[in-house]
Amino acid sequence: AGSDLYRIPLAEELLFFDMEILSPLYRLARMEYRSGGWTAEAEDALRGIAAAAGGMGYELIQYHHLGTGVDYLILVEDETVEAPRYWGTYVFRLGLAQGFVVQVPRPLAELNSFEYAVALFETMQGRALLIGGAYPTANLDGSADLVRETNKVSLFSLVHQVLLRESGSEPLL
């Protein structure tokens with residue numbers, strides 16, 4: 001709180017995330033992941049998306065949960081960057097998923113909200129889990145509080161919008 005470390009994303013940064021990372025990633029996850037694996041073309045596309053994410057200070061992690069056998073793609077800020085932006089972490093379930101998105105805009109400030117959100121995401125077999133990356137009062141001007149209407153220009157909001165747009169006519173709650 002009060003660190004002023006959260007950086008508001010620029011419009012061009014959000015556009016890049018949308019066009020080069022989020023939209024292609026979501027389409028790839030929905031169309032090219034089959035029976036626990038990727039086609040060779042999809043693996044090439046994933047490498048390209050990971051490179052684009054790396055240019056924005058993010059990592060794209062493919063995670064396989066040994067206990068459940070479920071695969072995920074995780075978009076997380078690279079811990080080695082010199083000036084982190086605190087834009088959040090985004091988890092996408094691969095394979096069978098229900099039309100639910102679980103959002104946790106204030107995981108650091110609201111007691112047990114992160115743990116509850118993860119449990120809800122797993123129990124409901126949600127399609128995506130969005131986790132805010134900054135404490136709501138990180139910036140003294142209030143710009144790090146993702147639930148304030150005046151702060152709608154954020155990667156957190158963009159990921160939500162891309163999920164809605166790319167889901168088309170499929171139900172998404």
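Trainee: Let's start with Gln125. Is it buried, exposed or partly exposed, and what's its relative accessible area?
Mentor: Gln125 is partly exposed, with a relative accessible area of 33%. Keep in mind as we go that this is a predicted model.

Trainee: Thanks. Where is Gln125 found?
Mentor: In the loop between α3 and β7.

Trainee: And what about phi of Gln125?
Mentor: Phi there is near 50°, a positive value, and Gln125 is a residue other than glycine. As background, most residues other than glycine have a negative phi.

Trainee: What is phi like at Asn112?
Mentor: Asn112 isn't a glycine, yet phi is positive there too, about 65°. You'll find Asn112 in the loop between β6 (101–104) and α3 (113–123).

Trainee: Buried or exposed, or something in between, for Asn112?
Mentor: Asn112 counts as partly exposed, because its relative accessibility is 48% and the exposed class begins over 50%.

Trainee: Back to the loop between α3 and β7. Which accessibility class does Arg127 fall in?
Mentor: Arg127, which lies in that loop, is buried, with a relative accessible area of 7%.

Trainee: What does the side chain of Arg127 have a polar contact with?
Mentor: With the side chain of Tyr26, at 3.3 Å. Tyr26 is in α1, and it is among the residues of that helix that meet α4.

Trainee: Good, let's do helices then. How do α1 and α4 pack?
Mentor: Helix α1 covers residues 11–31, and it packs with α4 at an angle of about 45°, the axes being 10 Å apart. The two are therefore oblique to each other. Their crossing is right-handed.

Trainee: Which residues meet there?
Mentor: From α1 you have Leu14, Phe17, Asp18, Leu22, Ser23, Tyr26, Arg27 and Arg30; from α4, Leu155, Leu158, Val159, Val162, Leu163, Arg165, Glu166 and Ser167. By type, the residues of this contact are nine nonpolar, two polar and five charged.

Trainee: Can we zoom in on Leu158? Why does it count as buried?
Mentor: Leu158 counts as buried because its relative accessibility is 10%, and the cut-off for buried is under 20%.

Trainee: What is Leu158 in contact with, leaving aside neighbours within four places in sequence?
Mentor: Leu14, Phe17, Asp18 and Leu22.

Trainee: How far is Leu158 from Pro9?
Mentor: They are 149 residues apart in sequence, and 11 Å apart in space from C-alpha to C-alpha.

Trainee: Now α1 and α2. At what angle do those axes cross?
Mentor: At roughly 150°, and the axes come within 10 Å. Helix α2 is residues 40–55. The pair is therefore roughly antiparallel, and α1 passes α2 in a left-handed crossing.

Trainee: Which residues are in that contact, and what types are they?
Mentor: α1 brings Phe16, Glu20, Ile21, Pro24, Leu25 and Leu28, which meet Ala42, Ala45, Leu46, Ile49, Ala52 and Ala53 in α2. The residues of this contact divide into 11 nonpolar, no polar and one charged.

Trainee: Is Phe16 buried, exposed or partly exposed?
Mentor: Phe16 is partly exposed, at a relative accessible area of 32%. Setting aside neighbours within four places in sequence, Phe16 is in contact with Ile21, Ala52 and Met56.

Trainee: How far apart are Phe16 and Asn112?
Mentor: In sequence, 96 residues; in space, 33 Å between their C-alpha atoms.

Trainee: Last one, Asn139. Where is it found?
Mentor: Asn139 is in the loop between β7 (128–131) and α4 (155–167). Asn139 is buried, with a relative accessible area of 6%.

Trainee: What does the Asn139 side chain reach?
Mentor: The side chain of Asn139 reaches the backbone oxygen of Tyr6 at 2.8 Å.

Methods. Residues numbered from 1 in each chain as written. Predicted model: local features only at pLDDT ≥ 70, side-chain atom pairs only at ≥ 80, totals over all residues. Heavy atoms only, no water. Helix = DSSP H or I, 4+ residues; strand = E, 2+ residues; numbered from the N terminus. Buried < 20%, exposed > 50% of the residue type's maximum accessible area, 1.4 Å probe, protein only. Polar contact = N/O pair within 3.5 Å; in protein donor to acceptor, adjacent residues only side chain to side chain. Axes fitted to C-alpha atoms, helices over the stretch in contact; angles between N-to-C directions. Parallel < 35°, antiparallel > 145°, perpendicular 65-115°, else oblique. Left-handed = near helix turned anticlockwise from the far one by under 90°. Contact = heavy atoms within 4.5 Å. Nonpolar A, V, L, I, M, F, W, Y, C, P; charged D, E, K, R; others polar.
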